[in-house]
Each structure stands twice: as C-alpha cells, then as structure tokens.
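Please refer to the sequence and coordinates shown below.

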Amino acid sequence: NNQDALRYFSMGMYELTVHNNYSLANKFLGKALEKDPSFAFASLNLLLLAMDNNDAEKMSSLLPSLREHLYKLPERYRFHVNYIEFMLEGNIDRGEAILELWKRIFPADPVPGWYLAVNHYENSGLFRKAIKEYELLLEMQPYQGDYILKIAELNYHEGLNKQAEAQYKRYIEKFPGDIKGYHELGRFYLQTAEFEKAEEIYENAFLLKPENVETMINLAEVRIRQGQFEKARDDLNEALYLSRTRRDSINIYDKIIYLNEQRGRNNEALQLRRKTRDMALKLDSPRQVLMERETGDIPLYIKTGDTVSAYAGVENLKHLPPPYHTFYVWGKLVLAREMKVPENMKEALEEGAQKGLEKIYGYSYKRYRDYSEAMVLMLEGNFKEAGDKFLALGMTGKAPVYAAECLRKTGRIRQARKVLEDYLKYYPVEPDAHVQMALIARDRQNIDLYRYHLRVAMNVWKEADRDYRPRMDLQKLIEEEGF
C-alpha cells in the first residue's frame with residue numbers, strides 16, 4: 001500500500017539475492033516495514049533473515065505481526081509461515097505434515113517438495129525418499145540441473161555407485177557448458193578412490209574454463225589425498241594468485257587449512273581459520289558462520305593447547321536462535337571428544353538424547369553420536385565392542401583406523417590388516433593408518449615392513465608442529481628402533 005515500502009523491499013531483496021549482503025537486506029526490509037507495518041512479504045523475509053542472523057528477539061517480535069497480516073499473503077505463502085512456526089518450535093512432525101498438505105493443495109509449487117527432500121528425508125538419512133522427491137521436482141522443473149546432482153549424491157550415499165556416476169554424466173550431457181558437472185563428477189571419483197579418473201575429469205574442466213579457481217582447489221585435494229603435498233601447495237598458491245572474489249579466497253584458504261591439518265601444522269591452520277572466519281562473516285549469515293566455523297575451530301583449539309578458546313566457542317553456540325538453540329550440546333560433545341574425556345562425552349551424549357538432537361539434526365548427528373559412543377568404549381578399554389561399533393560406521397572419518405586398533409588389541413590381527421588395507425586405498429598416506437599397519441608388522445616381527453610404514457607416516461608429519469602429540473609419539477617409536 002506504500003510505494004516507498006515497495007522500493008525498500010525491492011532494494012532489500014536485491015541485496016540479499018544478488019550480493020548476499022545480509023546487513024543491507026535487513027536494513028532495507030526493516031525500512032519497508034516502517035513505511036508499511038502490514039507489509040506481510042517484508043515481514044516474512046525479515047523473519048527468515050532474523051533466523052540466519054541468530055536474532056531470536058527479532059523473530060519473536062515479527063511473528064505476531066506476521067500472523068495478524070497473514071491474510072495479505074497468497075495462500076501458499078501462508079503454508080510457508082505455518083511451516084516456519086512449527087520448525088521454530090522444534091515440532092518436526094507437524095512441519096512435515098504441513099508440507100504434505102501444502103503439496104496436495106499446490107502440486108505445481110516446488111517449495112514444499114524441496115523442504116521435504118532437504119529438511120526431512122535427507123536430514124534423517126532417508127535417502128531413497130529424498131531421491132524420489134528430487135525426481136518429482138526435476139519433472140516439475142527440468143531446467144533445474146541441481147536436482148540431478150542431488151540424486152547422484154544420494155545414490156552414492158546409498159552405495160549405488162554406478163547409478164551415481166550415471167547421474168553425474170547425465171548432468172554433463174544435459175549442461176555441457178556448465179563446469180559444475182565436471183567438478184561434481186571429479187569429487188565422486190575422489191570419493192571412490194579413482195584418482196586417475198578424478199585428475200582426468202579436472203583436466204577436462206580446465207579445457208572448458210582455463211584458470212578456473214575451483215578446479216585448481218579440487219585438483220589440489222586429489223594431490224593431498226595421494227601425498228603430493230608440494231604439488232598441492234603450488235596449485236593452491238596459483239589459485240590464490242588468480243582469485244578475484246572473497247568466496248574463492250575463502251575456499252582456497254579452507255583447502256590450505258585442510259593441507260596443514262593433514263601434515264600436523266595446526267598452529268598455521270588455526271591462524272588461517274581465524275582469517276577465513278572474519279571473511280565469511282561478510283558473505284554468510286552469522287548463524288551459518290557460528291554453526292560451521294565456530295564448531296570447526298574446536299578441534300584445532302584443542303590440538304594447539306588453547307582450551308580456553310575451545311570452551312568459549314561452545315558458549316558462543318548458546319546464542320543460536322530456535323530451532324538451533326540446542327546445537328551447543330553438539331558443541332559440548334565435540335569438545336569432550338577432542339579432549340578424550342569419556343565422562344564428559346557420556347554427559348553430552350545423554351543431554352543430546354534428552355534434547356532430541358537426532359530429531360532436529362538428523363542423520364549427520366546420528367553418525368557423530370555413534371562415532372562418539374564407539375570412542376567412549378575405546379577410551380574405557382572395551383576394545384571388542386568399540387571395534388564392532390567402529391566397523392559398523394564404514395568409512396566415516398577415521399572409524400576404520402580406530403576399528404583396526406581395537407581389532408589389533410583383541411587379537412583379530414588379520415581382520416585389522418584387511419580393514420587398514422581397504423582404508424589405505426582411499427587414503428594412501430594417512431599417517432595414523434600407517435602407524436597401525438606398522439604395529440601389526442612389528443607384532444608379526446616383520447621389521448622391514450614395520451619401518452616402511454613408520455617412514456611413510458613420518459614423511460607426512462615431518463614438518464608438523466613440534467608439540468604435535470601424534471608426531472612426538474611416532475618420533476619416539478622411530479628412536480626406539482634406532483633408524
């Protein structure tokens with residue numbers, strides 16, 4: 001009802017969708033509401049922004065006005081508001097029910113199907129249901145190639161590698177000029193340890209777009225996985241030179257951080273994480289930065305001996321708004337696990353169960369919880385049960401390495417060696433895996449093999465921080481052998 005309100009609304013949505021500028025978007029949408037307090041579209045988008053900005057107080061103040069002027073929204077957007085309310089309350093089941101109703105009444109609207117696929121099926125590990133939903137969305141919007149990539153990714157998670165590869169190739173055939181398809185297929189080959197195919201597909205990507213920064217980053221990861229650290233560093237330095245956007249620079253620094261962590265250079269990695277966190281705050285929502293980067297900093301704080309900052313990071317997570325206000329419990333579990341304190345881990349696991357973290361955060365939390373439960377058993381010396389639990393986790397993190405350690409300690413040497421051999425196909429220079437292989441070789445009195453695996457591990461950690469505990473333990477083993 002107000003031309004100025006409409007102008008401010010347009011400016012706000014432009015800043016949000018084109019520039020990812022949350023601050024200006026929030027400012028302009030707020031001005032739109034000042035000019036017309038009944039502007040329901042502005043209220044709805046401000047509510048979504050408040051969620052991303054961790055502003056629980058603003059969310060609470062916006063909801064009554066939005067409910068009052070709900071009639072001004074088209075009916076399908078009213079479903080959107082109801083869905084947001086249920087999710088803010090943590091009522092996941094009612095949220096899913098409203099999406100199903102929304103789909104039935106507005107079958108041509110892709111939004112409820114997308115929410116179902118991402119927030120309910122994919123988040124809960126119901127990958128086949130998510131695939132079906134993405135296939136329906138693709139029929140509705142055949143020009144949205146991202147649905148094909150999601151179908152490919154979920155097929156991989158289901159262990160259907162041939163189907164996943166076919167879907168990635170389908171995307172490339174459908175969008176031959178889009179380099180994203182080459183990047184995703186290359187990542188798939190990296191996940192399946194087909195390193196030569198990954199390099200080949202990235203070389204094809206260079207032909208399509210020479211000097212593409214993302215291709216350089218992906219190629220660097222292939223080299224890191226194979227232990228070609230200097231080549232990876234060169235690729236990433238060249239990518240930094242060519243980088244023209246803050247987003248590209250963040251992605252490059254993130255891969256340099258990964259490279260440093262692999263080599264035990266945690267102090268340098270932490271310095272870069274602090275730098276990228278400040279950069280990310282200018283691009284991403286505060287909620288996203290808090291949940292992803294604050295939590296991701298905790299392991300590095302522990303590895304570098306900065307427990308004060310680690311505890312402070314967990315406290316910061318308490319500022320998240322509903323429905324993410326319980327995320328700090330996950331942060332407590334991360335901290336306890338990194339510090340290897342079984343009692344604290346059990347306390348965080350119990351609190352997570354009480355607050356229903358699996359219901360809210362789904363499959364990813366379930367995997368982290370199961371991994372943590374196995375770690376508790378291992379730290380308490382229950383190696384038989386811990387080994388079986390780690391084995392059930394497949395290739396999650398370093399689960400195979402811990403499983404092998406537990407198997408070795410319970411006398412299941414042949415099985416331990418087989419687990420490590422399979423793992424090393426995917427991570428051929430992983431130091432912890434080579435240390436375990438060395439200990440198996442020592443138990444079998446194969447001294448040459450024992451020394452070989454120790455050398456591989458030390459080659460990775462030769463430039464690690466001097467106080468990096470795994471390197472110090474490895475150095476002690478080597479000195480005991482006198483080589």
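## Placement of E221

In which helix is the place of E221? E221 sits in helix α13. The model is a predicted one, and the values in this report are computed from it.

Is E221 buried or exposed? Its relative accessibility is 18%. Because buried means under 20% relative accessible area, E221 counts as buried. Apart from neighbours within four places in sequence, E221 is in contact with L190, K255 and Y258. One of these contacts, Y258, is also among the residues that line the largest cavity.

## The enclosed cavity

How many cavities of 30 Å³ or more does the structure hold? There is one. The space in the largest cavity comes to about 80 Å³. Rolling a probe the size of a water molecule over the atoms shows where empty space is left.

The lining of this largest cavity is made up of I224, R225, F229, Y258, Q262, Y427, P428, V429, E430, P431 and V460. Two helices, α13 (213-225) and α15 (246-262), each supply at least two residues of that lining. Sorted by class, the lining has eight nonpolar residues, one polar residue and two charged residues.

## The second largest pocket

The second largest pocket contains about 290 Å³ of space. It is lined by 15 residues, and those closest to its centre are Y168, E184, R187, F188 and Q191. Elements that give two or more residues to this lining are α9 (146-157), α11 (179-191) and α13.

Which element gives the largest share of the lining of the second largest pocket? That element is α11, with five residues. The lining of this pocket divides into six nonpolar, two polar and seven charged residues.

Helix α21 runs over residues 357-379. At 1.5 Å a residue, a straight helix of 23 residues would span 33 Å, but α21 spans only 24 Å between its end C-alpha atoms.

Where is the kink in α21 centred? The kink is centred on Y363 and amounts to about 105 degrees. Just after α21, G381 takes a positive phi of about 85 degrees.

Notes
Residues numbered from 1 in each chain as written. Predicted model: local features only at pLDDT ≥ 70, side-chain atom pairs only at ≥ 80, totals over all residues. Heavy atoms only, no water. 1 Å grid on protein atoms, 1.4 Å probe; cavity = no way out; pocket = protein on both sides within 12 Å on 5 of 7 lines; lining within 4 Å. Points joined across faces, edges and corners; volume = space filled by probe spheres on them. Helix = DSSP H or I, 4+ residues; strand = E, 2+ residues; numbered from the N terminus. Nonpolar A, V, L, I, M, F, W, Y, C, P; charged D, E, K, R; others polar. Expected span 1.5 Å × (residues − 1). Bend = angle between axes of the 7 residues up to and from the residue. Buried < 20%, exposed > 50% of the residue type's maximum accessible area, 1.4 Å probe, protein only. Contact = heavy atoms within 4.5 Å.
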